[in-house]
Amino acid sequence: MSNKINNLNKYRWLAYGALGALLLALPFIVDATLGRAWVRIIDVALLFIMLALGLNIVVGFAGLLDLGYIAFFAVGAYAYALFASPQFDIHWSFLVLLPLGALVTAVFGILLGAPTLRLRGDYLAIVTLGFGEIIRIFLTNLNRPLNITNGPQGITLIDPLAVGGIALNKTHILAGFTIAPVHGYYFVFLAFALASIFISLRLENSRIGRAWIAIREDEIAAGAMGINTRDMKLLAFAMGATFGGVAGGLFASFQGFISPESFTLLDSIMVLCMVVLGGMGNVGGVVLGAVLLTALPEALRYVGPLQQQWLGAVYIDPSDLRMLLFGLALVLMMLFRPAGLWPSSTRRRELSAEEDMPADEKAHAG
Amino acid sequence: MLEVRGLKVSYGGINAVKGIDLDVQDGELVTLIGCNGAGKTTTLKALSGLIKPSAGQVRYNGKDITAQPSHRLVRQGLALVPEGRGVFGRLTVDENLAMGAYSRRDRAGIAADRERILGWFPRLAERRAQLAGTLSGGEQQMLAIGRALMSRPALLLLDEPSMGLAPLMVHKIFEAIRAVAAEGVTLLLVEQNAKLALEICHRGYVMESGVIALADSARALLTNPQVRQAYLGE
């Protein structure tokens, strides 16, 4: 018996080891096979994993529909860009700016949460949507009379992540490996994404996580259980916002340029789609959703050359096709897997309650 | 244990509760009966901090708890079984009970209480891995009561436990309530089913359009001609 457990543990560590090695080698493998553009796409996917996990705290755990989530990404990005660019000629280190960005976005999260405490469902969705737009419009117009955000032109020449004179926007040679900027950022983003996954998993199984679940299921009953619903909802907004803020700071340093147009309603909806499609409330599902929805539109770019090759001409513009296929994928998903690709156990049970029941009871009796 | 003095509640200009006095002694079973719209549920909501009273005072164990939010009351031993049960439908019976113990941190005690409560409600014990939303109405009511007991309350406020249940189930629920009271939990029961409520309680208050019309021992109320005519259907 104990032997079996030892073996299982051994296999588990082997699996983790293999996964770790794969994640370390991934950018180099992808670079050699699919090209550097795909390494960049993976970097972006890692950022979206952070964003989707942050939104999952608000929407998936606490059940508060937020349609303006990208605003926190924007706030985080601008918090970094303003203090690490020629805009004000301030060049602080990311070691200061990322925690600062996290703090600022947490405050913005509470600013959004406080007036919406009594709202649920559709009403909350509308207010959060408005919040997202307000932030974007502010960023667009805060260039007069005092130029803070540089308006629609955005902020350029944002400092890259750098430690002790080693900046990530340069190519380095390390032990025979050529580390291009996209490789360097990959490892930084990977670390942050893994940390986000870890925090999400810990939160899910904590007292706080259970309080959020109770609020999601029935707010009045949650209060009757002794849960401070007001504080817990604000905490969900603040924590979710923090994930977005850190991801925003990383995004600004990675791109070197940001403008209000990077943070539109469509981006909010995209992140929400990742959460819903992957499996609301389930960390693994959300990660899967983020990866798929970042990679899928990119993969569809190949449809153009393929048409050229097979049919002799491009009949359907790939960019039109992308949105079409994306919409189709959403409709099919909602029809055949309404709880997401990899749903949380709660939602899976609910949607297949009838079939699962005898099995559950048997499992318990046995 | 619970003293209510001059409690008034109004919703947007309508005075639902117009200044009532109410007492519950330690170890007592007290019921608040009355018709639909008499203000019973509103009174209970005001007591448990779900709505703010416009005037009056609520004292619990000598302490003023007027308008304290419900989550704080649980920690002081005052638990509410809300109207319409409010079980967590997508969580299992076990998870619902665990949620009831949210205000506690003694793991061993929580586990022991869970088994004890499942012992009182064998039907829940059979269905402990089942989703609460798939239980029958009566089973959900049992779960709501069991869940409230998980916080180890000294005073339990029950809002219409018989609502929408079949007569047989209503009897089972009342048996359970009696068993809970036998454990030393003080009860304030709001009910429309006046006969059953008065049969298991020590004292009763009759509420009519926002005021207490009668207050007496349950036995006296059961034989009171006025009550018999208006609430016992005779």
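Two strands are said to pair if DSSP finds at least two bridges between them. With that term in place, I turn to chain B of this predicted model. In strand β2 of chain B, B:Leu22 is the bridge partner of B:Val4.

Let me first say a word about confidence. The predictor assigns the complex an ipTM of 0.85 and a pTM of 0.86. For chain B the average pLDDT is 89, and 100% of the residues score at least 70.

Strand β1 (residues 2-11) of chain B pairs with strand β2 (residues 14-24) of chain B in the antiparallel sense, over eight bridges. Further along these strands, B:Val9 stands opposite B:Val17 in β2(B). The two strands form a hairpin with two residues between them. In the turn, B:Gly12 has a positive phi of about 40°.

Strand β1(B) also has a partner in strand β4 (residues 55-60) of chain B; the two run antiparallel and are joined by five bridges. Here B:Lys8 stands opposite B:Ala55 in β4(B). Taken together, the strands make an open sheet of four, in the order β2-β1-β4-β5 of chain B, with antiparallel pairing. Which strands are at the edges? They are β2 and β5 (63-64) of chain B, each of which pairs on one side only.

Another pairing in chain B has the parallel sense: strand β6 (residues 78-81) and strand β7 (residues 155-159) are connected by four bridges. Within this pairing, B:Leu78 stands opposite B:Leu155 in β7(B). In general, the side chains of a regular strand alternate between the two faces of the sheet. Both faces of β6(B) are covered. On one side B:Leu78 and B:Leu80 are buried, and on the other B:Ala79 and B:Val81 are buried as well.

I now move to the helices of chain A. As a general point, two packed helices are described by the angle between their axes and the distance between the axes. Helix α6 (residues 181-204) and helix α9 (residues 229-255) of chain A have axes that come within 12 Å and cross at roughly 175°. Because an angle over 145 degrees counts as roughly antiparallel, α6(A) is roughly antiparallel to α9(A). From α6(A), the contact is made by A:Tyr185, A:Phe189, A:Phe192 and A:Ser196. From α9(A), the residues are A:Phe243, A:Val246, A:Leu250 and A:Phe254. By class, this contact has seven nonpolar residues, one polar residue and no charged residues.

How many of the eleven residues in helix α7 (residues 207-217) of chain A are buried? Eight are, and the helix is mostly covered. Among the buried residues of α7(A) are A:Arg210, A:Trp212, A:Arg216 and A:Glu217. What do the buried residues of α7(A) pack against? In chain A they pack against α2, α8 (219-224) and α9, and in chain B against α3 (93-100).

Is A:Ile41 buried or exposed? A:Ile41 is buried, because 20 other C-beta atoms lie within 10 Å. Leaving aside neighbours within four places in sequence, A:Ile41 is in contact with A:Thr294, A:Ala295 and A:Glu298. A:Ile41 and A:Val291 are 250 residues apart in sequence, yet 9.5 Å apart in space, C-alpha to C-alpha.

Methods:
Residues are numbered from 1 along each chain as its sequence is written. Chains are lettered from A and ligands numbered from 1 in the order in which they are written. This is a predicted model: local features need pLDDT of at least 70, side-chain atom pairs count only at pLDDT 80 or more; totals for chains, interfaces and linings use all residues. A residue is buried if 20 or more other C-beta atoms lie within 10 Å of its own, exposed if 12 or fewer, and partly exposed in between; C-beta atoms are placed from the backbone. Two residues are in contact if their C-beta atoms, placed from the backbone, lie within 7 Å. Axes are lines fitted to C-alpha atoms, for helices over the stretch in contact, and angles run from 0 to 180 degrees between N-to-C directions. Angles under 35 degrees count as roughly parallel, over 145 as roughly antiparallel, 65 to 115 as roughly perpendicular and the rest as oblique. Ala, Val, Leu, Ile, Met, Phe, Trp, Tyr, Cys and Pro count as nonpolar, Asp, Glu, Lys and Arg as charged, and the others, Gly among them, as polar. pLDDT is the predictor's confidence in each residue, from 0 to 100.
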